[in-house]
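User: I would like to learn how to read the main features of a model. Please take me through this one.

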Amino acid sequence: MAFSEKRENNGAAEDSNHSRLIKLREFDDTKLGVKGLVDAAVAKVPEIFRISNNNLDHSSSGSVLTIPVIDLKHPNTTAAAAVRREIVGGIRGSCEEWGFFQVVNHGIPEGILDEMIQGVRRFHELDPEIKKRYYTRDLISGFFLVSNFDLYRSAAASWRDTMGCVAAPDLPPPEQLPDATRDILIEYSKQVKQLSKTILELLSEALGLEPNRLNQLGCGAGQLLLGHYYPACPEPEVTIGVTDHTDASFITILLQDQIGGLQVLHRNKWVDVQPRKGALVVNLGDLLQLVSNDKFISVSHRVVPKRIGPRISVACFLRPLIHKGDTDSPPVYGPIPELLSEENPPVYVEADVREFMRIHSSRGLDEPSPLQHFRV
């Protein structure tokens with residue numbers, strides 16, 4: 001190719017990128033998100049959401065495979081030692097093979113789960129002028145509403161809006177939470193904190209560690225609670241609800257409604273995570289893969305859009321505690337020493353969590369995991 005042709009091609013690419021940036025800013029500046037597009041009765045998915053047909057395939061393996069379901073029963077009763085061993089064994093197999101499992105009989109009343117779904121829906125369907133007050137890209141301070149965390153970094157925007165706040169160690173003051181979701185947000189976060197301690201204990205035992213080990217490491221000290229809203233999509237075949245990605249957390253506890261759309265990548269096939277009434281989905285994040293030295297895996301997952309909706313889900317991310325503006329040394333995590341041996345040497349160097357999260361937040365969701373930066 002001649003130099004002049006290269007220069008013309010580069011110029012065309014720059015013009016295209018500039019045009020896309022303008023469209024992204026116009027969308028972001030409305031502060032109405034994807035819900036605003038649906039309210040405006042768009043018949044076509046806007047260009048910023050469209051994915052090349054060469055890169056888009058919503059198909060799954062169908063009903064051939066299903067992620068494991070773990071019945072927590074009564075894991076903390078001393079009289080149920082055999083039951084606990086069964087639970088721990090089931091979790092171990094799920095974490096090694098899938099990186100995903102569902103839990104039932106987890107202790108959170110079904111009424112609270114249903115009301116949390118309704119609370120997220122109530123907020124996202126508030127008067128637009130009320131919601132605009134919460135729209136921001138500062139996801140650290142207080143309660144927020146945002147559309148696409150990686151809007152300016154991803155190849156295509158996802159068909160999703162999100163409300164949320166830091167839930168641990170403490171929620172924002174009640175007066176900072178919107179009326180539509182305040183009471184249930186406070187109650188649900190309290191319930192999930194308790195459940196997260198139990199799940200981290202079971203994961204510790206599944207790794208062959210003392211039950212308190214992951215809790216002592218602060219794996220659930222920080223928690224981010226997000227309420228996702230996936231509106232009905234007029235052209236689901238050209239976009240994605242959220243692109244395939246792994247979570248940067250230790251674990252994520254997910255509540256989803258009954259519409260479906262969540263898929264997990266298992267042995268190079270997309271598998272539907274079928275909604276199960278009263279169940280919660282648990283998936284492992286990159287930080288747990290790091291501290292487990294690859295014994296447990298963090299796997300890619302995505303949400304495919306649908307013509308029906310809205311689909312609503314609530315994700316609680318368990319992560320290290322890092323305060324905005326901290327001057328103290330941030331937490332550092334590496335493979336847990338008890339899991340290492342001559343036969344199983346470390347495959348990761350120690351990771352400064354602040355740097356780990358910086359890498360995670362500076363990339364598009366569909367880009368490689370930060371784990372690759374810390375491999376030996």
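**Reading the model**

Analyst: Start with residues 220-320, whose end C-alpha atoms lie 7 Å apart and whose span is 6% helix and 45% strand. Helices (H or I, at least four residues) and strands (E, at least two) are DSSP runs, numbered from the N terminus. In an unreviewed entry, UniProt lists residues 220-320 as "domain: Fe2OG dioxygenase"; positions follow the numbering used here, feature names are shortened, and annotations may be inferred rather than shown by experiment. This is a predicted model, in which local features need pLDDT of at least 70 and side-chain atom pairs count only at pLDDT 80 or more, while totals for chains, interfaces and linings use all residues. Residues are numbered from 1 along each chain as its sequence is written, and side-chain values use heavy atoms, with hydrogens and water left out.

User: How is a sheet read, and what is the strand order in the open sheet of 8 strands?

Analyst: Strands of a sheet pair through backbone hydrogen bonds, either parallel or antiparallel. Two strands count as paired if DSSP finds at least two bridges between them. Here the order is β1-β2-β10-β7-β12-β5-β4-β3, and the pairing is mixed. At the edges are β1 (69-71) and β3 (144-146), each of which pairs on one side only. From one strand to the next the twist averages 25°, where axes are lines fitted to C-alpha atoms, for helices over the stretch in contact, and angles run from 0 to 180 degrees between N-to-C directions.

User: Which strands does β4 pair with, and how many bridges join β4 to β5?

Analyst: β4 and β5 (residues 222-230) run antiparallel and are joined by 7 bridges; Asp161 stands opposite Tyr229 in β5. β3 and β4 are also antiparallel, with 3 bridges, and the partner of Phe144 in β4 is Gly164.

User: Which residues of α3 are buried, and which are exposed on the face turned away?

Analyst: Arg84, Ile87, Val88, Ile91, Ser94 and Cys95 are the buried residues of α3. Their arc is only 125° around the axis, which puts them on the same side of α3. The face turned away carries the exposed residues Ala82, Arg85 and Glu86.

User: How many disulfides does a search of the whole structure find?

Analyst: A disulfide is a pair of cysteine sulfur atoms within 2.5 Å, and the search finds 0. The sulfur of Cys219 is 13 Å from the closest cysteine sulfur, in Cys95, too far for a bond. For Cys316 the closest cysteine sulfur is in Cys165, 9.7 Å away, also too far.

Terms used. Buried means under 20% relative accessible area, exposed over 50%, partly exposed in between (1.4 Å probe, protein chains only). The arc is that of the directions from the helix axis to the C-beta atoms.
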